[in-house]
Amino acid sequence: MKPAPFKYLAPRSLDEALAHLAEHGYDAKPLAGGQSLVPAMNFRLAAPAVLVDLNRVKELFYIRSGDDGGLRIGAMTRQARLERDALIAERAPLIKETMPYVAHPQIRNRGTYGGSLAHADPAAELPAVTIALGGRLRVQSQRGERWVPAEEFFVGLFTTVLEPDELLVEIALPPLPPRTGWAFTEVSRRHGDFALVGAAAVVTLDEAGKCADVRLVYTGVGEGPVVAREAMALLRGEEPTEEAIREAAHKAAQVDVSPIGDIHASADFRRHLADVLGRRALTQAVARARGQAS
Amino acid sequence: MRAVGSSIPRLDAWQKVTGEAPFPGDIYLPDMLHMKVLFAGRPHARIRHIDVSRAEQAPGVVAVLTARDVPVNEYGLILPDQPVLCGPGSAKEGADVVRFVGDQVALVIAESEAQAEAALALIDVDYEDLPVVASVEEALRPDAPRVHAHRESNLLHAYRIRRGDIERGFEAADVIVEATFRTGFQEHAYLQPEAGVSYVDEDGRIVVITAGQWVHEDRQQIAHALALPEDRIVVRYVGIGGAFGGREDMSVQIILALAAWRLHQRGIRRPVKIVWSREESIIGHHKRHAMVARARWGATRDGRVVAAQVDLVLDAGAYAYTSTKVLGNATLTCVGPYEIPNVWVDARAVYTNNIPGGAFRGFGAPQGHFVAENMMNRLAEALGMDPVELRERNILREGSILPTQAPVPPGCSMPEVLTRLAEEAGWRRDPEKGWQAPPPLPPGDPCQDPERPCTSLEATPGPRLRGRGLAIAYKNVGFSFGFVDECHATVELHGDAAIERVVVRHAGADVGQGAHTVMAQMAAEVLGVPLDKIELVVSDTAKTENSGSASASRMTFMAGNAIQRAAQEALRLWHEEERPAVGHFRYIPRPTTPYDPETGRSDPNITYGYVGQYVEVEVDPETGHVALTRVISVNDVGKAINPQLIEGQIEGAVSQAFGWAVTEDFRVVEGRPLTDRLSTYLIPTIWDSPLNIQSVILEIPDPQGPFGARGMAEMPFIPLAAAIVAAVRDAIGVWIDELPLTPERVWRALHRPAEREGGT
């Protein structure tokens with residue numbers, strides 16, 4: 001099918017884009033890479049009256065060093081660039097590791113970082129990874145700007161804290177502390193499809209080899225990215241032994257996640273995968289953290 | 001360069017790569033109208049009343065057609081049991097009932113596709129829902145609601161084979177294995193969904209330009225439904241965009257002709273076009289039959305299979321389509337390419353309210369061999385015997401007697417295929433102990449081996465267990481069970497002193513397999529002219545005589561026999577100075593016979609193609625993920641007319657069979673498909689298909705084949721699933737009896753209590 005009729009606007013600056021959003025409010029949808037929105041429009045699942053195309057807003061395309069030694073990433077940065085950028089590889093290797101799991105190369109050539117976050121698909125990888133990295137999101141409108149921790153950005157199925165006149169403009173990622181390891185893993189029925197379950201882990205060890213900080217975030221097992229708080233609490237301050245990791249992953253699968261069944265997998269199986277993948281992600285993150293320590 | 005045996009590029013390659021090749025969806029004629037179908041969208045209901053008045057008045061709508069407008073409201077390849085349009089008002093008994101979601105109820109013809117689509121919603125259909133027959137188990141209950149009310153039961157057809165004495169066979173067996181197998185529906189997922197254009201030409205003929213597999217059969221079905229003589233209908237194919245059996249039955253052919261004809265009668269002389277969406281295609285055409293089969297086989301300690309008993313049921317869905325023929329193939333092949341003295345097969349095809357089962361590459365042989373080859377692998381394990389050795393001791397060979405008690409046609413190369421497969425896969429034949437498997441696969445990551453690239457993008461390092469398995473298969477080339485097949489070809493030689501131009505007329509469809517290229521190669525070979533002198537006139541009922549269907553792996557075999565002899569005749573006339581010299585030949589293969597209803601006794605098939613496959617898999621035992629990492633496919637093609645096209649067929653068949661075996665899970669609940677789009681029905685992509693497919697082409701001539709060629713297109717689909725199941729067993733220690741091997745199914749099989757041991 002083809003989309004319902006809509007008005008197409010192609011601003012060339014952020015100010016212009018924000019003005020359009022302010023004017024059209026709920027009738028407008030920002031168009032980033034279009035890899036989710038356009039199919040939804042073609043299926044008539046979405047029928048925005050106005051499309052505000054951000055692809056000419058050059059000021060939203062960038063990856064640069066943050067003052068804190070972390071990263072500042074423009075919301076329109078293509079996923080393919082995240083995959084190949086040297087600064088990303090150095091400062092946020094978890095993102096580099098995750099990118100091959102995000103759809104197909106053709107989609108990553110067009111899809112954007114900010115678009116993936118703002119779309120808030122519960123099976124998407126980048127929301128979970130951004131939370132795991134402790135990212136903060138800069139949101140702007142004609143009314144001003146505000147910073148939202150990634151963890152608070154997602155409120156439900158395809159739903160974020162963004163107001164209709166607001167645009168996600170930048171992702172800030174803090175530098176990884178010393179002795180920090182990371183991992184991402186997922187299981188999908190077919191390469192490039194949304195995963196049945198995915199797990200992102202970031203672990204920071206203290207000098208004694210205990211967990212100073214742990215983040216474990218899932219995709220595909222709730223209405224948005226699921227932060228496995230109980231599992232994280234179990235590990236924090238503890239030595240991440242094989243047994244401790246096993247218990248934490250088990251806790252995550254039993255308590256933190258609330259998967260539902262669909263045509264691709266039952267809720268039971270997703271819960272099982274959360275257990276296995278949580279264990280694998282934590283195990284690899286810890287191994288990498290230890291590797292840095294030595 | 002010889003024409004036959006050369007991997008010349010396909011004649012249509014350039015056109016297809018550049019987008020010049022016309023497909024039905026690309027045809028735009030002046031003043032064209034657009035048509036949309038109102039599908040039933042419900043699995044079983046009686047239509048009490050249809051009111052089209054609102055739709056008729058909608059903007060742009062030119063006509064709305066219903067059952068009342070169909071002169072003879074029925075069609076079907078083997079049995080005219082399906083209404084063209086469901087609803088009251090036609091003479092066809094039971095045409096007011098919809099029996100599956102894809103039954104067609106009304107046609108809207110409008111100035112634009114969007115207007116036709118919008119008007120669909122304005123058709124008021126008053127349905128009385130009827131109880132849904134959702135599965136073969138439900139259908140076979142004595143009190144089951146009937147899918148076709150005038151039939152005594154939901155049984156569409158049954159075959160049986162009775163050979164020897166099955167009880168004495170089991171008594172003689174030292175080992176008996178039993179299992180119940182289930183295989184799922186499969187969607188063809190060809191590149192181009194159904195599409196076509198129709199109009200009435202200046203001679204008053206109804207012209208239908210579309211994509212199918214047999215122009216003359218389409219013409220016959222259209223003529224029957226429209227109550228017109230066949231010469232009033234012209235069917236022409238342009239680019240087909242893949243078929244795989246999915247275009248054997250009618251989809252848009254009759255409704256296109258009906259629309260053009262009815263408009264013409266109302267004085268509207270405008271062409272009509274239809275293009276189905278992917279979702280319409282998936283509910284609108286048939287599927288590979290889902291199967292349930294119980295099997296019990298016995299063998300002696302020295303590896304003689306002495307008894308094979310199979311009870312097999314195919315889900316025929318709402319209408320007959322080609323179910324009886326598919327059932328015939330499954331009946332024969334469910335006991336495999338073996339000479340077994342005691343055979344007892346009961347096979348049934350059963351009506352349900354699911355999407356009809358029908359032709360799909362392999363045509364019952366994949367389901368049949370899934371049973372047979374699983375049983376052989378399990379028997380080998382139970383006997384502690386090498387699976388190659390067990391097969392060799394029972395294999396069909398030259399002079400063997402088939403389960404139907406007729407000799408296998410001359411040219412049986414099953415033993416040669418098995419031997420070559422075993423050798424390629426590293427087996428060695430010990431003079432005393434027989435076939436010996438190579439050492440177990442080393443642990444480690446085969447994907448790191450540059451010689452054997454894997455496409456698997458693996459997650460974090462989890463345990464990955466490797467396994468290997470093999471299976472073999474045979475399948476008929478050409479139509480079976482007493483069907484009188486024919487294939488016409490005409491070869492015209494133009495020129496004076498030398499042959500300047502050759503015109504080959506042949507109706508056969510090039511469904512993407514390269515049939516037309518192969519036809520030109522065979523003509524060039526006989527005539528000794530360069531290929532660029534050959535001009536093909538094909539796939540047009542107005543210009544060619546019946547050449548039969550592009551199915552049953554028959555096209556090269558049948559067309560080759562016809563073209564070869566027509567060309568020889570033309571050459572003879574050329575040498576007698578006829579100008580142009582026109583040779584015509586109607587090839588009729590040797591006769592076959594139907595199954596005896598009691599014993600299954602028959603000479604079922606003209607000839608066979610033979611195949612064997614070895615696979616390696618990796619299984620993650622924690623997530624159940626199965627990756628196919630290596631395939632060896634040994635295929636006896638008799639003579640490779642174009643080796644590159646054959647490799648293409650092998651690689652395509654392997655990917656398609658991998659889909660059937662592992663990724664493709666067609667889900668239906670109460671007659672309603674849940675996977676009606678390609679984002680939910682997961683065909684393998686290039687990332688999932690094994691890159692490491694070794695195609696081994698054997699050329700053991702078939703005495704009946706042109707240049708010795710035998711059909712091959714379906715064969716490399718057939719054994720793969722059973723080989724994968726054996727490899728998964730080798731990797732993780734469990735037999736899985738049900739396809740597809742989704743991660744969840746594999747995981748559940750691993751966690752079944754007390755079923756970790758196979759065999760008996």
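A: **The sheet in chain A**

In this predicted model, A:Ala200 has A:Val217 of strand 13 of chain A standing opposite. Strand 13 is joined to strand 12 (residues 197-205) of chain A by 8 bridges, and the two run antiparallel. Both belong to an open sheet of 4 strands in chain A, ordered 11-12-13-14 with antiparallel pairing. At its edges are strand 11 (180-187) and strand 14 (226-227) of chain A, each of which pairs on one side only. Helix 8 (residues 125-132) of chain A packs on this sheet and touches strand 11, strand 12, strand 13 and strand 14 of chain A. The direction of helix 8 makes about 170° with that of strand 13 of chain A.

Strand 13 also takes part in a charged pair. A:Asp213 forms a salt bridge with A:Arg236, with 3.6 Å between the closest N and O atoms. A:Asp213 is in strand 13 (residues 211-219) of chain A, while A:Arg236 is in the loop between helix 10 (229-235) and helix 11 (242-256) of chain A; the two residues are 23 residues apart, and the pair links distant parts of the chain. A:Arg236 has a relative accessible area of 37%, and A:Asp213 has 31%.

Over all chains, the search of the whole structure finds 69 salt bridges.

In one of them, B:Arg48 and B:Asp126 meet through their side chains at 3.4 Å, N to O. This pair ties together parts that are 78 residues apart in sequence, because B:Arg48 lies in strand 2 (residues 45-51) of chain B and B:Asp126 in strand 6 (residues 124-129) of chain B. B:Arg48 is partly exposed at a relative accessible area of 47%, and B:Asp126 is partly exposed at 34%. The other pair is a salt bridge between B:Glu373 and B:Arg391, at 2.8 Å, N to O. Here helix 10 (residues 365-383) of chain B holds B:Glu373 and helix 11 (residues 387-394) of chain B holds B:Arg391, so parts 18 residues apart in sequence are tied together. B:Glu373 and B:Arg391 are both buried.

The nonpolar cores come next. The largest has 118 residues, and B:Trp297, B:Leu312 and B:Ile724 touch the most other members. Helix 16 (residues 720-732) of chain B gives the largest share of this core, 11 residues. Another core, of 117 residues, lies apart from the largest one and has B:Tyr127, B:Val502, B:Phe557 and B:Ala567 among its members.

Last, the domains of chain B. The assignment gives domain 1 (31-130), domain 2 (291-396 + 410-479 + 597-759) and domain 3 (481-587). The centres of domain 1 and domain 2 of chain B, taken over C-alpha atoms, are 41 Å apart. Their contact takes 17 residues from domain 1 of chain B and 18 residues from domain 2 of chain B.

How values were computed: Residues numbered from 1 in each chain as written. Chains lettered and ligands numbered in written order. Predicted model: local features only at pLDDT ≥ 70, side-chain atom pairs only at ≥ 80, totals over all residues. Heavy atoms only, no water. Salt bridge = Lys/Arg side-chain N within 4 Å of Asp/Glu carboxyl O. Buried < 20%, exposed > 50% of the residue type's maximum accessible area, 1.4 Å probe, protein only. Pairing = 2+ DSSP bridges. Contact = heavy atoms within 4.5 Å. Axes fitted to C-alpha atoms, helices over the stretch in contact; angles between N-to-C directions. Core = buried A, V, L, I, M, F, W, Y, C linked by side-chain atoms within 4.5 Å. Domains from an automatic or database assignment.
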